[in-house]
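Have a look at it first.

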Amino acid sequence: MDSGWRKKLVQWSEAPLDGKILDCATGTGVLAFEFQKQIGPKVQITAVDFCEGMLKQAYNKAISSSISLKNIDFQKADVQALPFQDNRYDVCTMAYGLRNVEDPIKALKEMARVTKKGGTVMILETGDRPMFLLYPLFYLYFRFIVPWIGGWITGQKSAYEYLQKSSRNFPSRHSLLTLMEKTKCFSQCQYKTLFFGSSFIYKAKKH
């Protein structure tokens, strides 16, 4: 499902074929690679993360998967203080990272700053709770099953326990749109619901 959601984000972003993309908190580079796959070789992608270890994993993943790095530039950077000039990128994205930053509004302002006028800021993020009738099932799944499977595979159960806690405490739907509107950087903010509210894609047009 996650793979399909990232594809939807790329499609909804309306990124131009020769556009400039900034992927913040890129992690292992999955979203950056999806932009390259869908948009093509002319797109220029900058993928940033404040953790050097994640950038190394992204680079190694590209090499092992035979992904071209000609149009992808990996850099260490914090989304709350991006080292790029104003109005540089057509699309600025972040997947499952906004709930982890210290100041989400500051991060959104920085993403807007480096985005061109009329460009888009795209966010893929988990929901605080899915539709009412499905909530008990989602709660049991993320509270018990995901940490157990994730811990068994990776040996880091606490990381998967954090996923459920951070998702539960972070705003979604119109509450996140309100955060976007508080930046006063966007002319239009909207979202799409994924899998009954387990995740959302947010799209904001810069003034």
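## The overall layout

Which pattern does the protein follow when read along the sequence? The pattern is α-β-α-β-α-β-β-α-β-α-α-α-β-β. That comes from seven helices and seven strands; helices (H or I, at least four residues) and strands (E, at least two) are DSSP runs, numbered from the N terminus.

Before going on, a note on the model: it is predicted, so local features need pLDDT of at least 70 and side-chain atom pairs count only at pLDDT 80 or more, while totals for chains, interfaces and linings use all residues. Residues are numbered from 1 along each chain as its sequence is written, and side-chain values use heavy atoms, with hydrogens and water left out.

## Inside and outside

Of the 207 residues in the protein, 47% are buried (under 20% relative accessible area; exposed is over 50%, partly exposed in between, with a 1.4 Å probe and protein chains only). The protein exposes about 11,000 Å², and carbon and sulfur atoms supply 55% of that (Shrake-Rupley method, 1.4 Å probe; for residues, only the protein chains shown count as cover).

## A look at helix H7

Helix H7 covers residues 174-182, and its buried residues are Leu176, Leu177, Leu179 and Met180. Seen down the axis of H7, they fall within an arc of 150°, so they line one face of the helix (the arc is that of the directions from the helix axis to the C-beta atoms). On the face turned away from that buried side, you'll find the exposed residues His174 and Lys182.

Just after H7, Lys184 takes a positive phi of about 60°.
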